[in-house]
Amino acid sequence: MLRITERGLYCEAGDFFIDPWQPVDRAVITHAHGDHARWGSRVYLGSREGEAVLRTRLGPGARIRSVEYGLPIDVNGVRISLHPAGHILGSAQVRVEHGGEVWVVSGDYKTEADPTCTPFEPVRCHTFITESTFGLPIYRWRPDAEVFGEINAWWRANAQAGRASLLMGYALGKAQRLLAGLDPSIGPIFTHGAVERLNEDYRRTGILLPETRYAGAEPRGTAWGGAMIVAPPSAMGTPWMRRFGATSTAFASGWMRVRGQRRRRSVDRGFVLSDHVDWPSLLGAIKETGAECVWVTHGYREPVVRWLRERGWQAQAIASRWEGESDEADVLPEAVAAVEPTPGADLSS
């Protein structure tokens, strides 16, 4: 039903692409991260929950049709519906049904609930196309409450020492999840412009975030000691950081699970917090679909495929230009060593 082409994952029967990496006529989008929602297609279909962030990412000229989770539409005789993926605000799995067969494309996903997006829901299918960003046994996440307890304790200690806390996470999704877990009683919270712009989309969608202030709008002479500043990783080491004076830096990412990442990032602390499934959740999600066939894409594909084949699944790795948490997605030797041997409607209607 679906196949990989030079433009991306294509459904010939419906004549549409899912998260294409080149401009196409009809694009079904799983979520608004740049490797999945690329500019230039004629018409986009995405979830209602993610419409605001998708419009911010694609620009005011993009033609976007948004639909509620679970509401099926018909595109050239193919039935499409979007289902929560739990990755970021509006992230969706794409269910495609035609001729009695069901395929599901996961996009990026996590199964642990967080307050900034609708939780993941398993979808039964014959073929499941899954990401595998953290598809190695070493990647196992701790409960959010423990991680945020550590983050807030780090912030509190910095505040008592008169330092600012600079916490880095990806501007869309991770930054808002971090903000939702902060304890605002510790001190004021500021944000980088890239984060604050997307905060507005989250708040318009009904997501509760603590009060934040745009750091760039603060006057010279602002006392930053005790403040929390949330910024994207790209801000690290730039002149933008100099205004804060004495700071302690930290990075929140699933890649912090691997030794050496904090040193490579040149940060004081690393917090293990990911918006992707860890190893046990990945395998559990695959089982819950009931799929007989599994395609594995972006990430550690081969270890997942091998594990599935040894246990009776029809599994194969497929190439893609989706990247997951690409900003840190280097293949590290210590990680590899840990592997165990509506009818007739167009999208615009």
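I'll start with tyrosine 202. Setting aside neighbours within four places in sequence, tyrosine 202 is in contact with Val53, Ile88, Leu89, Thr116, Leu172, Gly173, Gln176, Ile207 and Leu209. Keep in mind throughout that this is a predicted model.

Tyrosine 202 also turns up in the largest nonpolar core, which has 40 residues. Tyr202 is among the residues with the most contacts inside that core, along with Ile151, Leu167, Leu182, Met228 and Phe271. Which elements give two or more residues to this core? They are the helices α1 (51-58), α2 (144-160), α3 (174-181) and α4 (193-204), plus the strands β15 (228-231) and β16 (247-252). The most comes from α2, with 5 residues. There is a second, separate core of 23 residues, and Val277, Leu282, Val296 and Val305 are included in it. As general background, nonpolar side chains in soluble globular proteins tend to be buried together.

Next, the sheet. Six strands form an open sheet in the order β1-β2-β3-β4-β5-β6, and the pairing is mixed.

For β6, the partner is β5 (residues 43-47): the two run parallel and are joined by 4 bridges. In one of the pairings, tyrosine 44 has isoleucine 64 in β6 as its bridge partner. Helix α1 lies across β5 and β6, and α1 runs at about 165° to β6.

Now two single residues. Threonine 191 is in strand β13 (residues 189-191). Is threonine 191 buried or exposed? Its relative accessibility is 0%, so threonine 191 counts as buried, the cut-off being under 20%. The side chain of threonine 191 makes a polar contact with the side chain of glutamate 196, at 2.4 Å. Not counting residues up to four places away in sequence, threonine 191 touches Leu179, Glu196, Asn199, Thr212, Arg213, Tyr214, Ala215 and Val230.

The other one is isoleucine 80, in strand β8 (residues 78-84). Isoleucine 80 has a relative accessible area of 1% and is buried. Beyond four places in sequence, the contacts of isoleucine 80 include Phe16, Val28, Leu45, Leu71 and Arg95. As for distance, isoleucine 80 and isoleucine 186 are 106 residues apart along the chain, and their C-alpha atoms are separated by 46 Å.

That is the end of my part.

Methods. Residues are numbered from 1 along each chain as its sequence is written. This is a predicted model: local features need pLDDT of at least 70, side-chain atom pairs count only at pLDDT 80 or more; totals for chains, interfaces and linings use all residues. Side-chain values use heavy atoms; hydrogens and water are left out. Buried means under 20% relative accessible area, exposed over 50%, partly exposed in between (1.4 Å probe, protein chains only). A polar contact is a pair of N or O atoms within 3.5 Å; within protein, one must be able to donate a hydrogen and the other to accept it, and residues adjacent in sequence count only if both atoms are side-chain atoms. Contact means heavy atoms within 4.5 Å. A nonpolar core is a set of buried Ala, Val, Leu, Ile, Met, Phe, Trp, Tyr and Cys residues joined through side-chain atoms within 4.5 Å. Two strands pair if DSSP finds at least two bridges between them. Axes are lines fitted to C-alpha atoms, for helices over the stretch in contact, and angles run from 0 to 180 degrees between N-to-C directions.
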